[in-house]
Amino acid sequence: MASLHFCSECNNLLYPKADPQRRVMVYACRICRYDEVGENQCVYRNDLLTVTKEKVGVTTDLGTDPTLAHGDIPCPRCGNEDSVLFQDQSKRKETRMILFFVCTKCDYSFLDPSVSTETRPEDMDDQM
């Protein structure tokens with residue numbers, strides 16, 4: 001694990017630097033000429049988080065929310081023609097817009113049927 005190193009002469013922070021003559025990484029002070037060979041070769045660690053997929057959020061009482069837009073997509077479960085829609089809120093590099101629909105009659109959550117099945121989220125069916 002990367003940690004901070006301090007100069008034993010002036011107590012300033014030591015920065016990682018390549019020493020081409022000795023062909024090693026050293027921690028060097030930018031104020032005085034002190035340097036020490038780095039025992040730990042890790043200077044930066046980037047932990048990647050798992051990629052989240054599109055999931056329907058909490059859908060309690062979404063049908064009565066006056067701030068949501070209404071669509072005329074029929075509900076696959078009950079056939080009701082009125083549904084509210086909202087956009088996927090996950091933050092990723094992928095920029096496609098995914099709309100979730102919630103039936104105002106039975107509160108069933110579904111995607112637009114015009115979206116092709118290979119571009120649909122894999123775990124959407126598990127959430128419904």
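Trainee: How far apart are the end C-alpha atoms of residues 7-32?

Mentor: They lie 9 Å apart in this predicted model. The span is 50% strand and 0% helix.

Trainee: What does UniProt place at residues 7-32?

Mentor: An unreviewed UniProt entry puts a "zinc finger region: C4-type" there.

Trainee: Which strands form the open sheet, and in what order?

Mentor: There are 4 strands, in the order β1-β2-β3-β4, with antiparallel pairing.

Trainee: Why is one side of β1 and of β4 left without a neighbour in the sheet?

Mentor: β1 (5-6) and β4 (35-37) stand at the edges, so each has a single partner strand.

Trainee: And how many bridges join β2 and β3?

Mentor: β2, residues 13-19, pairs with β3 over 6 bridges, antiparallel. Pro16 has Tyr27 of β3 as its bridge partner.

Trainee: New topic. Is β7 largely enclosed or left open?

Mentor: Largely enclosed by the rest of the structure, because 4 of its 5 residues are buried. β7 covers residues 99-103.

Trainee: What sits between β7 and β8?

Mentor: A hairpin with 5 residues between the strands. Asp107 takes a positive phi near 60° in that hairpin.

Trainee: Where is confidence lowest, and where is it highest?

Mentor: Lowest in helix α1, residues 124-127, at a mean of 44. Highest in β3, residues 24-29, at 91. Residues 119-128 have pLDDT below 50. Beyond near neighbours in sequence, that stretch has 23 contacts in the model.

Trainee: What's the chain average?

Mentor: A pLDDT of 77, with 71% of the residues scoring at least 70.

Notes. Residues are numbered from 1 along each chain as its sequence is written. This is a predicted model: local features need pLDDT of at least 70, side-chain atom pairs count only at pLDDT 80 or more; totals for chains, interfaces and linings use all residues. Side-chain values use heavy atoms; hydrogens and water are left out. UniProt positions are given in the numbering used here, feature names are shortened, and annotations may be inferred rather than shown by experiment. Helices (H or I, at least four residues) and strands (E, at least two) are DSSP runs, numbered from the N terminus. pLDDT is the predictor's confidence in each residue, from 0 to 100. Contact means heavy atoms within 4.5 Å. Two strands pair if DSSP finds at least two bridges between them. Buried means under 20% relative accessible area, exposed over 50%, partly exposed in between (1.4 Å probe, protein chains only).
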